[in-house]
Amino acid sequence: MLDNYEKFKTDVFSLTKIDLNAYKEKQMRRRIDTLIGKNKLDDYDKYIELIKTDKEKFDQFVNFLTINVSEFYRNPDQWKILDQEVFPKLIDKFGKKLVIWSAACSTGDEPYSLVMALSRHLPLTDIKIIATDIDKQVLDTARLGLYNEKSIAAVPDDLKAKYFSKIGNSYQISDQIKRCVEFREHNLLRDPYPKDCNFIVCRNVVIYFTDEAKDEIYKKFHQSLKPGGVLFIGSTEQIMNYKELGYIRNKSFFFEKS
């Protein structure tokens with residue numbers, strides 16, 4: 001039905017600076033074709049014209065294209081390791097003023113979870129998280145800090161009581177936590193990475209990229225970390241060549257820069 005995908009990828013990059021060549025084509029093309037169909041179009045060029053001229057449709061496209069499945073304390077067993085082993089080790093090694101980056105942070109669930117988890121070890125005044133995502137819409141959602149019950153289900157009860165207020169059927173995260181997070185727009189495939197990080201979290205995102213793009217991202221994370229810094233990846237991901245990339249594997253999903 002839809003052809004000339006190569007031209008479409010070029011047009012998308014010109015418009016958004018999102019490089020579709022870095023994504024697994026079959027999976028990504030299926031997602032895009034579905035969205036185009038929902039907009040009652042059957043031509044890539046017509047769809048490009050639509051998102052060029054309609055800001056709402058442009059935002060819809062970027063939001064649909066980027067993967068925004070998120071929840072607080074996702075995979076609680078891994079957060080337990082983070083709380084009991086990783087954070088104490090990092091604080092012991094680097095001190096209280098840790099440089100932490102939550103990459104591809106989506107709607108903010110992850111960086112806010114990091115602040116709450118760290119609050120068991122440090123005063124909030126010592127906690128600062130850089131949180132980035134390619135999607136302006138989800139960053140706006142993150143800054144708002146309003147979540148449904150399902151999203152916060154895994155938050156420990158004491159932290160939920162301390163840092164959330166119920167508003168109707170939703171939950172608002174406290175300004176105390178919000179102040180610890182700086183949200184920025186960032187494209188993992190194009191933009192410069194933060195430097196001298198002690199801890200980087202990037203979970204369940206790079207699975208959507210090609211192997212070449214994955215390696216490039218993991219190399220750049222390695223360059224961003226200080227020696228002894230740690231990368232935390234998602235439960236759906238593996239770094240098979242972590243030794244070649246300069247990492248030491250600590251537990252299943254934590255990789256230390258050697």
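User: In which strand is the place of I200?

Analyst: This is a predicted model, where local features need pLDDT of at least 70, side-chain atom pairs count only at pLDDT 80 or more, and totals for chains, interfaces and linings use all residues. Residues are numbered from 1 along each chain as its sequence is written, and side-chain values use heavy atoms, with hydrogens and water left out. Strands are DSSP runs of E with at least two residues, helices are runs of H or I with at least four, and both are numbered from the N terminus. I200 sits within residues 197-202, which is strand β7.

User: Is I200 buried or exposed?

Analyst: Buried means under 20% relative accessible area, exposed means over 50%, and partly exposed lies in between (1.4 Å probe, protein chains only). I200 has 0% relative accessibility, so I200 counts as buried.

User: Which residues is I200 in contact with, leaving aside its neighbours within four places in sequence?

Analyst: Contact means heavy atoms within 4.5 Å. With those neighbours left aside, the contacts of I200 are W101, F221, S224, L225, V230, L231 and F232.

User: How far apart in space are I200 and H222, C-alpha to C-alpha?

Analyst: In sequence, 22 residues separate I200 and H222. From C-alpha to C-alpha, their distance in space is 9.5 Å.

User: How are helices α3 and α4 placed relative to each other?

Analyst: Axes are lines fitted to C-alpha atoms, for helices over the stretch in contact, and angles run from 0 to 180 degrees between N-to-C directions. The axes of α3 (residues 44-53) and α4 (residues 55-65) come within 5 Å and cross at roughly 115 degrees. Angles under 35 degrees count as roughly parallel, over 145 as roughly antiparallel, 65 to 115 as roughly perpendicular and the rest as oblique. Therefore α3 and α4 are roughly perpendicular.

User: What is the phi of S106?

Analyst: Most residues other than glycine have a negative phi. S106 lies in the loop between β1 (100-102) and α6 (109-118), and at 4% relative accessibility S106 counts as buried. S106 is not a glycine, yet its phi is positive, at about 55 degrees.

User: Where is K251 found?

Analyst: K251 is a residue other than glycine with a positive phi, near 65 degrees. At 46% relative accessibility, K251 counts as partly exposed. K251 is found in the loop between β9 (247-250) and β10 (254-257).
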